[in-house]
Amino acid sequence: MSDTVRYDDRGPRLFFLAAVVWAVVGMLVGVLIAAMLFLPALNLAPYLTFGRLRPLHTNAVIFAFCGNIIFGGTYHSMQRLLKTRLFSDALTKFHFWGWQLMIVAAAVALVTGNTQAKEYAELPWVLDIVIAVLWVTFAVNFFGTLAIRREKHIYVAIWFYIATIVAVAILHIGNSMAMPYSWLGSYSAYSGVKDALMQWWYGHNAVAFFLTTPFLGLMYYYLPKAADRPVFSYRLSIMHFWSLVFVYIWAGPHHLHYSAVPEWASTLGMLFSLILWMPSWGGMVNGFFTLRGAWHKLREDPILKFMVVAVTYYGMSTFEGPMMSIKSVNAVSHFTDWTIGHVHAGALGWNAFLSFAILYWVVPRLWKTELYSKKLATAHFWVATVGLIAYQVSMWVAGITQWAMWRAFEADGRLVYPDFIETVIRIVPMYWVRLVAALLFFSGLLLLVWNIIKTVKSAPADFAVEPEVHAPPLVKDLSAPGAVTAPNTYDHAFYRIQHEMRHGIHRVLEGRMITFTVLTALALAVGSLVEAIPMFFDKDNVKEIAGVKPYTPLEVVGRDIYIREGCYNCHSQLVRPFRYETERYGEYSKAGEYVYDHPFQWGSKRTGPDLHRVGGKYPSLWHVRHMQQPRSTTPGSVMPAYPHLLKDAYDTSLIGAKMRALRSVGVPYTDGEIETATTVMQAQAQTIAAEVEAQQGPTGLVDKEIVALTAYLQRLGTDIRWKRVAPQATVTPVTLPAAPVAAPAVAPVGAPAAVPVVPQPADPAVGGVR
């Protein structure tokens, strides 16, 4: 006996169309910022600068384009896999319109400088709550549909959808903990090293569970459909899924090698990243072998061309990622454009190419017509492929060049390229290649848009009429209370279990949605807790430094301006313990220096020099001139100008709320300090403005944002000052020679009297060598 079901295809149609629109927006912004990076005149301050548009680009591509593909593909495929209609049409509509409005609000927030300055989690705290509500809506609709399914066993694609929903919920809640001080502003609940660990636990696993597992689920549905072949191996699917879910969550700390994060954490992340290579390639092998007997179709079918390249890039990216997690390789790639090339290889080669294939396959079927032009789709494939390869190769070359120039020493021990700008100028040709590559990829996207528009226009008038589909009766989840698990013949418990397990224990799990979901959550929780608990409860992981004090009220405002303008997108605040870094910037960074940083500002790419030891390196007038016109202080600079900082007054109305919010997350401000904050701000601002005027700089800056930003920059790295001294009981401080010489390691915090730690000279470039 069977029933009839009408699938809800209206929701998937809307999500897929929205994905096309947001792909154009996100990638157009990407092309624009690729040009802005080395053509600073294209930056139109204050709203259209690289620092503000870069997070708009990443969020638009990840959450708008890829997000809509995920939702559309999940809603479309699960109905057919479960032989039932979506749980609620109303929830689907609310989910769709809510997600699009959230994206629009996010775009407005980012260009106006309202950001939390966390990679892939920049949106204000209010929108974090909106995302949580929409994700719960998605989960209710998804699990509600599972509860009314007509297929007892859930297919492999559904496993990956479950992992995605559970993992993203855990990651989003864990990383979004913050203390608001206004409707849009907040400070991270975590500080410094702890914030870094939480951020890259989230950041790495956002890639894992928003850009990997859902797309693997889509691959397991749409690739067999397009190839008209079954999945190669059910057993490989099982191994691939559970090993990936368990291992991936551990790998985040590999982003923090040679940082102030404890060595055990980054090493653990590296080890699990290396282990992750094999589970990842299990999915690639399963994808490729699913095409057995169908490879001849690639000559004529552009959809399979896109899918094959997507699976290839998934394999390449999941090999390159673990390789880059090895410490010696990470020392080369981190902070360079190599990382940018790696990220875009995955996002464009894997996510975008698979999305294009899905759109070309699903749109004609949802609109009950034929694809307008296979030739256009084939042209799209080749143009995008050439653009993708050129992009990746240019970033590889730029990244290796950066690393080689940063670490180059003369025979006498001096840096070959002491000025950071020399490296920037050298790699500008590679930025031109990247821009051309981005234009090629975007041109291919425009071909897809035209093809989709013409395909939709050719749809028959009744395309929206949902056909009836014959389906088996409803089944009850076998892990639900009162569920019937076997016919009466097997009433005895032993025989009932034996009957259920005749196809293996995993087949039993597939019939028990609740049990399957709980086990998935447990697999995710193990790695998260093992890494987080020692970091948060063992004080030895973050040693306190007595000289580190909270930021002054003016420095708090200046730091917020630094974050608002997106300076963290181009500058790091982390000096690694490499000789070429300590020679260039000063003493390597310590965990205890960041205890009052909410959020941390280590960055992930150095388009400009590191700033953690910039305090006191230049006079205040230099910072004013540099922000007003960067090329006046640094010829050849590609940094945009920020003239509005010299015109706009800094906001004093929220300083009390900001300091109270910071106090609630651990910064030891007193009531008296909060009450007198405005007076203290004015006094410090007057001192800096007077200094600028005395150096024959602009006047009338006492209440301007540039003064607050200068106060923050002049504070960086000044809480501790280090200098090597002779290992004697009584030591007279000495000045380091200009060229580096062999010497004992820098004395750590709490060193014995025999090797005292003394204040460092005013020049922050003088630092110890480790």
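# Close-up views of a predicted model

**View A. Lys83 is partly exposed, with a relative accessible area of 25%.** Buried means under 20% relative accessible area, exposed means over 50%, and partly exposed lies in between (1.4 Å probe, protein chains only). The model is predicted: local features need pLDDT of at least 70 and side-chain atom pairs count only at pLDDT 80 or more, while totals for chains, interfaces and linings use all residues. Residues are numbered from 1 along each chain as its sequence is written, and side-chain values use heavy atoms, with hydrogens and water left out. Lys83 is placed in the loop between helix α2 and helix α3 (89–111); helices (H or I, at least four residues) and strands (E, at least two) are DSSP runs numbered from the N terminus. Although Lys83 is not a glycine, its phi is positive, at about 55°.

**View B. Phe335 also has a positive phi, of about 75°, without being a glycine.** Most residues other than glycine have a negative phi. Phe335 belongs to the loop that lies between α11 (327–333) and α12 (337–366). With a relative accessibility of 0%, Phe335 counts as buried.

View C. Most peptide bonds are trans. Pro599 is found in the loop between α19 and α20.

**View D. Helices α13 (residues 374–406) and α14 (residues 420–457) have axes that come within 8 Å of each other.** Axes are lines fitted to C-alpha atoms, for helices over the stretch in contact, and angles run from 0 to 180 degrees between N-to-C directions. The two axes cross at roughly 165°, and α13 and α14 are therefore roughly antiparallel to each other (under 35 degrees is roughly parallel, over 145 roughly antiparallel, 65 to 115 roughly perpendicular, the rest oblique). The crossing in which α13 passes α14 is left-handed. In the contact of α13 with α14 there are 26 nonpolar, nine polar and three charged residues. Here Ala, Val, Leu, Ile, Met, Phe, Trp, Tyr, Cys and Pro count as nonpolar, Asp, Glu, Lys and Arg as charged, and the others, Gly among them, as polar.

**View E. Helices α2 and α4 pack at an angle of about 10°, their axes being 10 Å apart.** This angle makes α2 roughly parallel to α4. Thr58 is part of helix α2, and with a relative accessible area of 11% Thr58 is buried. From C-alpha to C-alpha, Thr58 lies 10.0 Å from Ala347, although the two residues are 289 residues apart in sequence. Helix α4 (residues 125–147) contains Val133, which counts as partly exposed at 41% relative accessibility. Val133 and Gly98 are 35 residues apart along the chain, and 9.3 Å separates their C-alpha atoms.

**View F. The largest pocket has a volume of about 1100 Å³.** On a 1 Å grid over the protein atoms alone, a cavity is a set of points where a 1.4 Å probe fits but cannot get out; a pocket is an open set with protein on both sides within 12 Å along at least five of seven lines, and lining residues have an atom within 4 Å of a point. Its lining consists of 48 residues, and Phe420, Gly608, Pro609, Tyr618 and Trp622 lie nearest the centre of the pocket. At least two lining residues come from each of α2 (50–82), α14, α19 (579–585) and α20 (620–628). Helix α20 provides the largest share of this lining, with four residues. By class, the lining of the largest pocket comprises 27 nonpolar, 12 polar and nine charged residues.

**View G. The second largest cavity has a volume of about 220 Å³.** In total, the structure holds eight cavities of 30 Å³ or more. The second largest cavity is lined by 18 residues, with Phe63, Tyr120, Ile131, His172 and Tyr202 nearest its centre. Each of α2, α4, α5 (156–175) and α6 (192–210) contributes at least two residues to this lining. Helix α5 gives the most, with four residues. The lining of the second largest cavity divides into 12 nonpolar, four polar and two charged residues.

Technical notes: Left-handed = near helix turned anticlockwise from the far one by under 90°. Points joined across faces, edges and corners; volume = space filled by probe spheres on them.
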